[in-house]
Amino acid sequence: MYFSEKLKKFKNLKHCFFSKNNGFSKGIYSTLNCGKGSKDNQEDVLKNLKHVSELMAVPYKNLILMHQSHSNKVLIIDEKNKEDKNFFADAIITKLKGVALGVLTADCVPIILFDYKNNIIGCIHAGWKGALSGVIENTIDKFKELSNNNDIVASIGPCIGKTSYEVDKKFYSYFLKETKKNEIFFKKENNQKFKFDLRGYVQNKLKKMKVEEIDNINFDTFGDQANFFSYRRSQKLGEEDYGRCISTISLLKD
């Protein structure tokens, strides 16, 4: 369990970046796999999610997750839709108290956000596709829809590190099409291979959206096999599937 020093200061807030440990799953999913979309035993996944709910001090039905697809879609959770349970998005925000928003990752970037001026919380699943196509910008815009005078704190969670994330020239070209300035997030290995700083790229996007207060839970999910699931590592090891870590945030009831 990992926590943001910036977010810990707020007494009306509960949050956590969970590791892959202290759960019920077995084998390659050992042990806190929270991915319903994985091939893990679904009873074990349910036990894990209920365990997370207990630690977040919310009923399981109030743990709100997304059907993530590397999109740039953002949804506002309110009294009307909170029971739906089918949120097809890669970011969600809410002003509701007593619910926990969750994001699942296995190398992608989990970002949790708190607008302390207006009591709005949010979480973002920022893989390279979603980050490149605007999921971060769209999320901050949604915060502004709820209130246009924001003071947002962002915490960027564990994700694949810049020394572990090898990409090819085609991948590199996608980011240079956005702006040549993105070159700073790449380290050239040879004419065909680069290392990509996804964390740095995401942080830069937040800063561009005028989010000034940012901290990093700076762990490399690919490199730290003891504590994190990793899609890339599972592929390298030839495993048929992979677990997902969960990151959560909740506004406490008065």
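On a 1 Å grid over the protein atoms alone, a cavity is a set of points where a 1.4 Å probe fits but cannot get out, whereas a pocket is an open set with protein on both sides within 12 Å along at least five of seven lines; lining residues have an atom within 4 Å of a point. The model is predicted, and totals for linings use all residues, while local features need pLDDT of at least 70 and side-chain atom pairs count only at pLDDT 80 or more. Residues are numbered from 1 along each chain as its sequence is written, and side-chain values use heavy atoms, without hydrogens or water.

**Cavity**
- One cavity of 30 Å³ or more is found in the whole structure, a volume being the space filled by probe spheres set on grid points joined across faces, edges and corners.
- The largest cavity has a volume of about 60 Å³.
- Its lining comprises 13 residues, with Phe 18, Thr 105, Pro 158, Phe 228 and Cys 245 closest to the centre.
- Strand S13 (residues 245-251) contributes the largest share of this lining, three residues; strands (E, at least two residues) and helices (H or I, at least four) are DSSP runs numbered from the N terminus.

**Pocket**
- The largest pocket holds about 900 Å³ of space.
- Among its 31 lining residues, Gln 68, His 70, His 125, Tyr 242 and Arg 244 lie nearest the centre.
- Strands S2 (63-64) and S5 (100-105) and helices H2 (128-133) and H6 (231-236) each supply at least two lining residues, and H6 gives the most, with three.
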